[in-house]
Every structure is written in structure tokens, then in C-alpha cells.
Amino acid sequence: MGNFGQLMDGFAVALTTHHLMIMVMGVLLGLVVGVLPGLGAPNGVSLLLPLTFTMDPISAIILLTSMYWGALFGGSTTSILFNIPGEPSSVATTFDGYPLAKQGQAARALTLAFTSAGIGALTGVLVITLLSSWVANFALRFGAAEYFAVYFMAFASFIGMSGGSPFKTLVSMMLGFAAATVGIDTISGESRLTFELDELIGGISFLIAVIGLFGLGELLLTMEEGLKFEGVKARLDIRVIARAVAEVPRYWATLIRSALIGCWMGITPGGPTAASFMSYALGRRFSRRGRFFGKGEPEGIVAPETADHSAGSCALLPMLALGIPGSATAAVMMGGLMIWGLSPGPMLFSTRPDFVWGLIASMYMGNVIAVVLVLATVPLFAFILRAPFTVVGPLITVVCVIGAYTVANHMFDVWLALGFGIVGYVFKKLDYPLAPFVLAMVLGDKAEDAFRQAMLTSDGSPAIFFSNGLVATMMGLGLLLLSLPVLSLLLKGGRAAPKNDAAATPEGRSA
Amino acid sequence: MPKHALTALALCLGLAAPGVAFAEWKPNRPVEFVAAAGPGGGTDTFARVVQSALSKNELLTTPIIVSNKAGGSGAETFIYAKSNKGDPYKLYFGTQDAYVLPLANKLSYGLKDLTPIAAMVFDPFILWVNPKTSGIEDVKGFIAKAKEAPGQLKLGGAKAKEADETLMTLIEHATGTDLTYIPYKSGSEAAIQVAGGHITANVNNPSESVEQWKAGVQKPLCVFESERLADTTVIADGQSWHDIPTCKEAGIDVDSFAQPRTIWGAADLPPEALAYYTDLFTKAAAAPEFKSYQERGAQIPRLLTGDAFKDFIKKHEASYAEIYKRNGWLRAEQ
């Protein structure tokens, strides 16, 4: 249709040697930035921004978005190799990626992640191409109640995810909510839980918590278990990569489900983080191999990665069409747009079609280039794991501490990360799941803001959450997801419980 | 060590003949611009535009690094300034928040921890509605709607107990109405909520809603200034910024409520550095990059430095303190 013709024009703009070189450079820079925890995509893009002042806007945005793709892939790399997610959205990748790497299959895990991420991203761009004009109007229908419903769906689908006791899931989630409230409250303007410490007034950075809980916590555990690190067995074989790429299409059901979740969450304000968690949770429930999730199951990598990247691509659309950034990185890019003299908003598509469609065309190529480049780095990364733990262990510690410091150049954050490391260790020792904590910490304050804004709008009446078809459907789906564990418990009835903590284990809280 | 440097400096100055201007000072390593807002926010854009104006025109040749310390509504930036006393390589970008934040919150910094350098430009505030979903076409309609059902008209803005909510209380006070304020993370978010018809109105800077205006989903009712805006270029509906009435002439008796875009150094900024930066930002305000930023945002070009800026701060802080007192927002004195 009309979009297709414009896309072709876009390719004509984006497909020049100059732009291709920019893409390669951007992806490589992004990879470096993504691999270093604490630096991350938003910081990388904002460091690069001054460089773009003298470029024309199209080259500039291509450079920044390519870097974004590179950083997203880089973030998954550390999730899998060291259990340290570089970005909030790659937390879910650690659940199965790290166990698989620990079993000596790092190359396979990385390849699976990169390939499915590439497929997810391309699906996202395809959705943008086909639906761009429609999506902008659709996003306008999201008020505070609809925002809350999206977050509610993510939480609800997650409740049934962890295999342990529902009580522990709840405790972990509530602690996460508590951590999310630290800092100045949006609605009242008052500071909460800061204990009059200057360092806490900005809230607790998600990266600090993750570096501690996952990176350092895991290190403590590994040390206790006798410095065993199975990475040594990893064979360096190019054929492993080829085989893993060929393996991906076998998970077509997971791919389709995850891409759909990703696109939905990217267009609505849920964002990549909610998308990857939700996709993992639903994968665990609906996949035939769901009960192996958490132990190094390939589908457990494919599900969050596909959703993460399709949501990441789709999230650029609200940024362009409405001027509402879907992620921290998109916010930096939006700042860039304004400096280059472009105003993101509903009129951008008609005033600067060359820019918009050039960008969309570059997203196709940027992702393909990124996948090829990251696949080429797999042997290198897998090689790192061949080093004995006595070398890798201290190295990870150093990376974690530097990462924690880099977030805001505060020594306080380093202590905080070490504290979270101990918390992470205790959590694992006592078999409390970390994932609900992280999810609540990332989405908790957004969900709280949305809930309170909705209640203000409705003068305190909860009927607002069922006031129109859109929000009622989402809340209904959320409630259904929440009650799934209870329903399956009822269905199973008198039957003997399964012998281990399989995913099918009924659990949930009575609403 | 800074103390040491200062002693040395004092010695040098003492030896220099009286009447001779301060020794020429120039940065010889990277300068950090700390923005009291997250990436993409108004203050962040401001800092980055100044950065691009300085480096593109080679006004400042050492690298400039923009960082964001948005925590605590930007308080993080000024607390950071407090810990970098006398450092001429760190500058802090904000709005009136630098001196207004400590009014309502118990914070560990105060105005004494900052050296004012310049207010480079002022952002006017505009009252917006979605004409289609609200049925409001002008200020009269707005006031009528607000009086019809007290507390039912929802007005959105950025954050709580800051400029936007302050302005709303001024509107309430001037018109004798009762509005409900809904805080969002940013002004653009509030604008989208109005465009989508979820809330009735919002107040923000022109640049945050101009695209929605062009798309016909937002309409400016009036501008909170004592005079109309200058720009007569047609934006949308055959109207320019100049065609928007001032709120005073339209029936809301609120005088100028512009928001200054300010630049600060830490306390004890060496006087020669202050002189250097005052001159530098005066030049930057005339750079084409900065001019086009002003035009895009329909901002009021008004550069304040030195004593004029200090006087302004004093008056502005006092007027905020008065409003805060009336609203019961002033932090209880310890």
C-alpha cells in the first residue's frame, strides 16, 4: 500500500555506503557499551549524541538506533555469560540463558538468543511498517487506567511463573515494590523511604539492584559450591553456531507467541521489560517443555529475547508519533531529534517522511547487520568462559563494582550493590525467587503512578478500570491470568501432586 | 587541595596591581554539564542545545559532557553541586527548581551552595485543552465548565508541588474555581493525556504541546504572560503564538509565570571562572543554534547575568514562597 512505497523510498535513503558504514560502527559501539554493565544503552547513546550535532538528522538517527540494537544484543550477552543483565529487559534471559551457559553450552545459548532476538526485532519493524498510521491513534486511547491495566497484565501473568511457594513469590514481589517506592513520589511530591540520605533521594537504580542480586549473589553461591564452573567444557566449534541457528525455527510456536506479546507491549506503554517477563511467564505455562524452564531450556531463552526485541522496535513508534519515549534510550534519542531541529509528534510522518521512512528502513538493515556481527562474536565470548573460575570470578567482581560505580559515579552505589549481593545470596539460599522482586522494582512505581492517576481522574471510583472495552478487556485478561493457577488447581482436584516443582505446580494468591 | 589553590590564587591577586582585571581563565580540560532532568526532558534539551551551540561555533573548544541527575525532581543535581564546591569544571542546568525545591522539601542543599551564572531564556506557560473532547473553545468556556462541577475538571501537569501545580493553584485562586490536579512524570505525558481526552486540560511550555496543536488535538486557551508572545508565524488553525490571548485579557488574572532556564556553578566558583562563563553564555545566547531553539519553543528571549540575575532570583523565590505558604506546601521549619 502507500506505506510500502514510502518504505522503498526509505530504503533509497538508507541504503548508501555511508549509512551502511555508520550502521556497522553503531552496532559495534553498542555491543561494547551493552556488554559493560552499568554503562548500558541510554548512557552510550547520550555519550554519542554530541557527535551527531554536525551530522544530518538521518545519518544521526541511524547511528544512534544502530548503537541501540548493538547495546540490546550486548545486554543479552552478559545475562547469559555472567548472570548480569545489562538492561532491565534482559533480566528474563538470565533465567535459562545462564544455566545453559553453565552447562557448557554458552555458544548455543548466545546463538539462540541472538537469532531469536533478530527475528523478534524484524517482526517489530514489520509491524511498524504496516501499522504506523494506525498505531499513533491507538496509543492516544491509553489513559492512566489503561496504563495500569497493561502493567497489571504483566504482574498477573507473572504470578503463576515461579515454581516455589506462592508465599515466597509474594514476599519477593512486595519487597520489590518497597524498593521501587524509594525516592520522591510523583503524585505527592514527598520523599519516601530515603532516611534523609542524599544518595537515596533519586531512588534505587535498577542496575545497582541487578548487579548485586544477580551478578554478585551468583558469585557468592558459586564460591560456596566449590568454584565449579562448567564453562571449561565448552567446545569451540563453529558448527555449534550453525546448528543453533537451525534450531530456532523449531520453536515456532514460542516465536509467534513471544513476537505478538512483544509487539503488543511495545505499542502499548508496557515496554520491552514487561514484554520479556510476560513472554517468559506465558512460555513457561503454555509450552510443552514448560516444566524444564529455569534449568537451561532453549525455549526459555527464545521467549524473552524475541519479545524483548520486538517490543524494543515497536516502542520507537510511540516515540516518533507521539513524542512519548517508550524506554530510557528512546528518551535520549528524542532529545536528539529536538536538537537536530525535528519535533517528534503526530505531524512528523507528514512533514518529514524521508526521515521517518529512512529510519524504518535502516531498522531492517541495522538488525540484520547486528545479528551477523554478534553471531561472529559468539566464539570470542564463549572463549571467556573457558578461563578457570579463579580468573573469571575476580574479573566479574571487578566488572560488577565498576558497573555499580559508573551508574551515577557514587561510591554509595557500590556499597548498595554489595548489600544487594548478600540479599541475592540469602534469597537463593532460602529459595526465594528473585524475578518477582526485579519485576516489581522495574514496573512498581509506574504501576503505582498509573493507579493513583486513574483514581484521581475517577474521584476514587475503581469502576474506571472497567469503563471501556479496551481497559475492561485487559483487566479481564489480567484477572484470568491471575486465576489460572487456582483454576488448574481446581481442575487437578484430588489427583496426586506432581513429584517436583514443575511449572504446572498450582500456585497463586487468592485475589 | 582546592583550599590550597585558593590560597595561591589569593596570593597572585594580592600581588597584582589593583584595578587590573582578573587573570584570564579558560577551561583546559573537559567541562561537565549536569542537567537536573532525565534525558529528553526540558532541562536536558536546554543543556544539550547550549552544548551544541558552544561546540559548533567553537566558543568552547574543550569537550563538553552532558550528564543527567534527575533524582528527587532534580535535587540530585544541586546536592551534587554542594559536594563539588569551587569546581569550575562542573556546571549545573535547571529552572527555578534550584531555589524552589528546598522550599517544600527537606533537602541538604540551599541557595548558598550555588553560584548563579545566568538565566538564558524564559519559557512561557500556556493553558491547553482538547477542543473536541472537552467542548471548551476559550477561557470563558473553561471557567464555566470548572464552576459547573467543582473538583470535576481534571488538569494535568508535570510532577507535584512544582511549577505546573503551583500555576494551577494560581488559576483556582484567580477564578474562584476548584480544579483537580493530576501529576504526570513529564509535561509531554500530560499533553498526550489531554490529546487522548482522558483529562480536560493541562498547563505546560509551548514546545511540549505544539505538535498536538498542529494535529488538532490540543488548543491553546491563553498564555500566562503580561504581554502576548512575539512570534507571528502561523502554526495551526491559521493562528500564530501571537494570536493566543494573555490569560489576563481572557479572564484569568494571573500575571507572568515564565520559567527561567538557569545555569549555575557550585559555591565558591572562582571569580575569573564566573566572569569567563558569564561571557561565554552571553555569546551562546546569540548563536544560531540557540536562536532556533528559542523560536521552536516560542520562548521569551531574556538573558540575565550577574546582579540582575541575583535580584531576579531573590524576587522569584519570594513570590514562590508566598504561593507555597498559601497552599500550605512550605516545609515545616526545623
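Q: How many residues has helix α19 of chain A, and what does it reach from its first C-alpha to its last?
A: To read a helix, set its span against the expected one. This is a predicted model. Helix α19 (residues 435-457) of chain A has 23 residues. Its span is 32 Å, close to the 33 Å expected at 1.5 Å a residue.

Q: Where does α19(A) bend?
A: A bend is read at a residue, as an angle between axes fitted on either side. In α19(A) the bend is at Leu443(A), and comes to about 50°.

Q: Why is α19(A) said to be largely enclosed by the rest of the structure?
A: Count neighbours: a residue is buried if 20 or more other C-beta atoms lie within 10 Å of its own. In α19(A), 18 of the 23 residues are buried, so the helix is largely enclosed.

Q: What follows α19(A)?
A: Asp459(A) does, and its phi is positive, near 55°.

Q: How many residues does each chain bring to the contact between chains A and B?
A: Chain B brings 44 residues and chain A brings 41. On the side of chain B that touches chain A, α2(B) gives the most, with eight residues. By class, that side has 15 nonpolar, 18 polar and 11 charged residues.

Q: Which domains make up the division of chain B?
A: Domain 1 covers 26-123 + 259-327, and domain 2 covers 126-250. Their centres, taken over C-alpha atoms, are 27 Å apart. Each domain gives 14 residues to the contact between them. On the domain 1 side, the elements giving two or more residues are α4, α12 and α13 of chain B. The residues of that side divide into three nonpolar, seven polar and four charged.

Note on methods: Residues are numbered from 1 along each chain as its sequence is written. Chains are lettered from A and ligands numbered from 1 in the order in which they are written. This is a predicted model: local features need pLDDT of at least 70, side-chain atom pairs count only at pLDDT 80 or more; totals for chains, interfaces and linings use all residues. Helices (H or I, at least four residues) and strands (E, at least two) are DSSP runs, numbered from the N terminus. The expected span of a helix is 1.5 Å times one less than its number of residues. The bend at a residue is the angle between axes fitted to the seven residues ending there and the seven starting there. A residue is buried if 20 or more other C-beta atoms lie within 10 Å of its own, exposed if 12 or fewer, and partly exposed in between; C-beta atoms are placed from the backbone. Two residues are in contact if their C-beta atoms, placed from the backbone, lie within 7 Å. Ala, Val, Leu, Ile, Met, Phe, Trp, Tyr, Cys and Pro count as nonpolar, Asp, Glu, Lys and Arg as charged, and the others, Gly among them, as polar. Domain bounds come from an automatic or database domain assignment.
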